[in-house]
Amino acid sequence: MEYFLVFICLLKSLLHVFTQCTVPASEFHLGGDYLIGGLFDIHHGSGPVYQYRPEATDCSSQLFILSSYRRFQLMRFSVEEINNSTNLLPNVSLGFEIFDLCSDIHSFPGTFKLISADGLPHPWSGQWKNMSNVIAVVGPFSSTDTLTVAPLFMMDLIPIVSYGAAASAFTEKAKFPSFLRTVHSNKNIIEVIVNIILHFNWRWVAFLNSDNDFGKDGLTLFLKRITETEICLAYTKDLNDNTNYVQMFKQIEAQKVHIIIVFAPKLAAEAVIESAIQLNITNKVWIAADTWSLNKKLPKEKGIKNIGTVLGVSQPVVTIPGFSDFIYSAKSQNHCENEEQHMFCNQDCNCSNLSPEDILTEDPSFSFPVYSAVYAIAHALHNTLQCGFDQCNDNITVYPHMVLAELMKSNFTLLNQSIEFDENGGAKFGSYSIVFWNQSGDAEEIGFYHFQPRTNFFINRTKINWYRNEVPTSLCSPECAVGYAKKKDGIHKCCFNCEICPNGTYINSTEDPYKCIPCKDTEWSAVGSTSCNLRVVEYIPFTDSGAILIMVGTWALVGLTLAMSVLFAINYNTPVVRSAGGPMCFLILCCLSLSSLSVFFYFGTPTMSFCILRFLPFILFYTVCLACFVVRSFQIVCIFKIAAKFPKLHSLWMKYHGQWLVITVAFVIQALLLVISYSCAPPKPYNETFWYPDKIILGCDINLIASSGPVALLLSLCCLCFIFSYMGKDLPKNYNEAKAITFCLLLLILIWITFATEYMLYNGKYIQTLNALAVLSSLYSFLLFYFLPKCYIIIFQPDKNTQQYFQGLIQNYTKTISQ
């Protein structure tokens, strides 16, 4: 019995030993030679908190965030790993003081604790004393939290190395001189997102951002980045606790947006996706920021496949050796509740029911940034203490600003990555992965975006299973067909109507898809063209067959006028020559030859001189010809009709050589009119591009107003000549000069009416040939039908070229008139 009682006592003692729990030190605190502060949002204070007295937020009573707790454990692991290392800080131990920063406005007690000495904050006053033992701080995670607490650390230049604050504001070193971060800024994240959108040719997108510094900064950067692209922001919304998701998705559906960017923290993104599932939002492409692209909860949600395709930008998942063993070791201890282990407020986790698997399978985002932040501080301390392989210099007093200086010069390798910071304290290392939420509910890597040493972007399309089995489109308006220009429809450049470019214009979609660009004068284009073609330059060269025939005809005219002049000179005193005009015949024949000079200038490349000589010789000398025929027809009528009734008028005409006076006056007036006309607006070369879009017809531009004077004089002489010649139509048949002149004038009028008709109906290059032909025909009309019959009589009917024959005709006509 006595032995039995002893056995019972021993058994009780053994049971007490095996069942006794351990009371370890707080997870939030670790003593050491040098302390590193830590700010982690292990809990999230959701919604506004109304208080009736000043008090700190009890973080342990708020929503627990497992991913943040995982990062919290990673800092603890990093410090322990460094302390167990004999190379980085030999004979020096690191400690930490971590606080749960669950609120950006009610978590200041923990922050003040980090900057305090002897329980009170002591801002630096020039004396290196009463300083906090904290040499640097890791965190906070969010941009808003960082913007809130960072100024408190900036006063003493305590380095604050954030593992998640990506807002652009932190690049301002004047405001944040001791801020560094081991993540890329929002600018880089937005760059990757925009590259994804451009890669799939999406143009019509929605941007949902959290209503905080992180989200608003992302929206600003996104708007700035897409300014020079074809991307349009169809819809944007700030997400907060009061967001009406029903109304928001109705507006997105109304805008027909298929691409939705969710640039928000994990909790806000979860609220959006869960609402989309509940509201049955389908057939969308969701682009996730790195804050939730590796989310472990959402891919397992029922109905997640119905919302569409989820793509995301994430940090590459880096496996940190030894972390799993650390978690299993930490969670295998039987912790007891002990009030004394809670060193300060917001250093209570209330998470003892978590298993190692829960922690290790949680979202691994921002794990390496935490790990590299701790190691960056350790390496900076290593350099500050001038550590060697086996020991550090204990005689050096370390101040935060000294660690900061070494941090900015960081250059070491950690898990095959070179850790460096730029001049603004930003990370010069790392890259982004592009992930796709596959059918298994995993975030599968389908591409990457590397920053160093050069930008490198890649997406493997074949790994993406689209909700419609093809790459979806997202356009406000379908792309215009080739040859069509965009005409904006509303305020967005992505919303437009398509209008085909008319002929003479073209569209260059790469330079300006909204404008039909006019072609140059030397170019042409058909309707709906994308480029211009050179016009074919056309004119009548001297080698043209038609030009050659007309020039031969001109030389023949000159030869005929010369031959007739010789024939008339030989038979000068005969009645036929005198009845034809006598000495006036030679003037007419000479002017006809001189007028023919114009014909040669209708061919070849038009120049200023060519354009002037194309009209001047013909108008000037043809005026003399018409003046001669006016006088000649007037004399015929005067001799046979006016002389008998108005003898004094006839005597004055003969006495003062009225015929030559009229011819001279007509010549002088026409010369003056031509001088005035060509001085005001001379004919000049002109490129005709209106009638033929693919051709340039070289011609001469005539100012109709300036040329109206010389033409009016020609028409006046023509009319007078016709009137006088018509009055003498009843003269003797064999002596009817008036009839010959009338016929020539009718033929002349017919020639130019024919040419005018052709000019109105045809505007090609051969109009110059027709014009030259009209000029030549005008000259031949008088040469053939006025002078040639005279030559025929002189040569073949000399019996009719006698004084007796003409006298008999006149006597017979006189008797007829007198009767």
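This is a predicted model: local features need pLDDT of at least 70, side-chain atom pairs count only at pLDDT 80 or more; totals for chains, interfaces and linings use all residues.
Helices (H or I, at least four residues) and strands (E, at least two) are runs assigned by DSSP and numbered from the N terminus.

Leu415 sits in the loop between strand E16 (411-414) and strand E17 (417-420). Although Leu415 is not a glycine, its phi is positive, at about 50°. The relative accessibility of Leu415 is 30%, so this residue counts as partly exposed. Asn91 is another residue other than glycine with a positive phi, in this case near 60°. The loop that holds Asn91 runs between helix H2 (66-84) and strand E5 (94-100). Asn91 counts as exposed because its relative accessibility is 68%, and the cut-off for that class is over 50%. A further backbone feature is the cis peptide bond that joins Gly139 and Pro140, with omega about -5°. Pro140 is placed in the loop between strand E8 (134-138) and helix H4 (143-154).

Attention now turns to charged side chains. Side chains of opposite charge can pair when their charged atoms come close. Across the whole structure, the search finds twelve salt bridges. One of them joins Asp442 and Lys300, whose closest N and O atoms are 4.0 Å apart. Asp442 is partly exposed at 39% relative accessibility, whereas Lys300, at 54%, is exposed.

Asp211 pairs with Lys216, and here the closest N and O atoms are 3.2 Å apart. Asp211 has a relative accessible area of 33% and is partly exposed; Lys216, at 43%, is also classed as partly exposed. In the bridge between Glu172 and Lys175, the closest N and O atoms lie 3.6 Å apart. Glu172 is partly exposed, at 38% relative accessibility, while Lys175 is exposed, at 53%.

The side chains of Glu362 and Lys266 are joined by a polar contact of 3.3 Å. Leaving aside residues up to four places away in sequence, Glu362 touches Leu66, Ser67, Arg70, Lys266 and Lys296.

Ser431, in strand E18, is another buried residue, with a relative accessible area of 16%. With residues up to four places away in sequence again set aside, the contacts of Ser431 are His184, Gln315, Pro316, Tyr449, His450 and Phe451.

Aromatic rings come next. In one of them, Phe200 and Trp202 have ring centres 4.8 Å apart and planes at 25°, so the pair is stacked. Both Phe200 and Trp202 are buried. Tyr371 and Tyr375 form a tilted pair, because their planes stand at 55° with the ring centres 4.9 Å apart. These two tyrosines lie in helix H11, four residues apart, or about one turn of the helix. Tyr371 is buried at 3% relative accessibility, and Tyr375 is buried with a relative accessible area of 10%. Elsewhere, one aromatic cluster is formed by Phe568, Phe618, Tyr622, Phe629, Trp752, Phe755, Tyr759, Phe782, Tyr786 and Phe787.

Leu560, Phe743, Leu784, Phe785 and Leu788 make a nonpolar surface patch of about 390 Å². Helix H22 (residues 767-796) supplies the largest share of the nonpolar patch, with three residues. Leu560, also part of the patch, lies in helix H13 (residues 545-570). Its relative accessible area is 32%, so Leu560 is partly exposed.

Key:
Residues are numbered from 1 along each chain as its sequence is written. Side-chain values use heavy atoms; hydrogens and water are left out. A salt bridge is a side-chain nitrogen of Lys or Arg within 4 Å of a carboxyl oxygen of Asp or Glu. Buried means under 20% relative accessible area, exposed over 50%, partly exposed in between (1.4 Å probe, protein chains only). Patches are made of residues with over 30% relative accessible area and no salt bridge: like charges are joined within 9 Å, nonpolar side chains (Val, Leu, Ile, Met, Phe, Trp, Tyr) within 5 Å. Accessible areas come from the Shrake-Rupley method with a 1.4 Å probe; for residues, only the protein chains shown count as cover. A polar contact is a pair of N or O atoms within 3.5 Å; within protein, one must be able to donate a hydrogen and the other to accept it, and residues adjacent in sequence count only if both atoms are side-chain atoms. Contact means heavy atoms within 4.5 Å. Rings of Phe, Tyr and Trp (its six-membered ring) pair if their centres lie within 6.5 Å; planes under 30 degrees apart count as stacked, over 60 as edge-to-face and the rest as tilted.
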